[in-house]
Amino acid sequence: MLLVPRWVLLSSGCAPVLLISGWMIAASLEGPAYDPATQTISVLAAYGAAGSWVMTGALLALGACHLLTAWGLRAAATAGRVALAGGGLAALVVALLPVPSSGGSLRHGSVAAVGFALLALWPVLAAAGGTAPWALRPAPSAMATALMVAGAAWFLVEVHRDGPAGVAERVVTALQSVWPFVVVTSCLRHSGDGARWPAPRQD
C-alpha cells in the first residue's frame, strides 16, 4: 500500500518550479531597475510592479500546492501536515496582501513571517519514528528545520544590514518549497521497496 497517493508527487514537485520560475519571469519583466540580490520577492508582487501578476500567480499556485501536498501526505504526523497547510495558506494570504509600491506593509510582513515559521517547523513536526521513510525520520527532519531556521535568520540579518537579502530569501524559500517534494519522493520509494511501516501501537 502506498504511503501517499502518486498525485502528491505532482503537487509537491510543482511548488519549487512555479515559485522559482515565477520570480525569474517577474524579475525579467521588471528589467534592470530590479536587483534580485538585494531586493525581496515581495517587491516583484508589489502594487504597480510590471511582473506583479506573474509573482502573485506564482505565490497563489505555491500556496495551493502546499495545501494539496499536506492533504495527501498521510504518512506524515498530523502536526506537520497542519503546519505545511498553514504555510500554504500564508502564501495565499501574502499574495492577496501585496506591499505598496514604496515602503513596507505590516500585514504583509506579519503573514510572511508566520508562513516562514510554519514552513520551517513542519519537517520536525511531521517526523515519525520506527521504520518511517527516510525524510520523515527525526534526524533528517531536524536537519531540514535547522537549515530553514538558519536561512530565515540569515535573511533577517541581511535585511537589517541592507545586505543581499534577496539572495538569502531565495535560498530559504527555495529550500522550503523543495522539502515537501523530498518527503513525498522518500515515501514513494519506501513503498516501492516493499518496506513495511507498522502503525504505532495503541496502548
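Is the crossing of H4 and H5 left-handed or right-handed? The crossing of H4 and H5 is left-handed, where left-handed means that the near helix is turned anticlockwise from the far one by less than a right angle, and right-handed means clockwise. This is a predicted model, in which local features need pLDDT of at least 70 and side-chain atom pairs count only at pLDDT 80 or more, while totals for chains, interfaces and linings use all residues. Residues are numbered from 1 along each chain as its sequence is written, and side-chain values use heavy atoms, with hydrogens and water left out.

**How H4 and H5 pack**

- Helices here are DSSP runs (H or I, at least four residues), numbered from the N terminus.
- H4 and H5 pack at about 155 degrees with their axes 8 Å apart; axes are lines fitted to C-alpha atoms over the stretch in contact, and angles run from 0 to 180 degrees between N-to-C directions.
- That angle makes H4 roughly antiparallel to H5, a label for angles over 145 degrees.

**Two other helix pairs**

- The axes of H5 and H6 come within 6 Å and cross at roughly 160 degrees, which makes H5 roughly antiparallel to H6.
- The H5 and H6 crossing is left-handed, and the residues that meet include Phe116 and Leu119 in H5 with Ala144 and Met148 in H6.
- H1 and H3 pack at about 165 degrees, their axes 8 Å apart, so H1 is roughly antiparallel to H3.
- In the contact of H1 with H3 there are 20 nonpolar, six polar and no charged residues.

**The largest pocket**

- A pocket is an open set of points on a 1 Å grid over the protein atoms alone where a 1.4 Å probe fits, with protein on both sides within 12 Å along at least five of seven lines.
- The largest pocket has a volume of about 860 Å³, the space filled by probe spheres set on the points.
- Its lining (residues with an atom within 4 Å of a point) has 44 residues, with Ser42, His108, Ala112, Phe116 and Glu169 nearest the centre.
- H5 gives the most to this lining, with 10 residues.

Technical notes: Angles under 35 degrees count as roughly parallel, over 145 as roughly antiparallel, 65 to 115 as roughly perpendicular and the rest as oblique. Ala, Val, Leu, Ile, Met, Phe, Trp, Tyr, Cys and Pro count as nonpolar, Asp, Glu, Lys and Arg as charged, and the others, Gly among them, as polar. Contact means heavy atoms within 4.5 Å.
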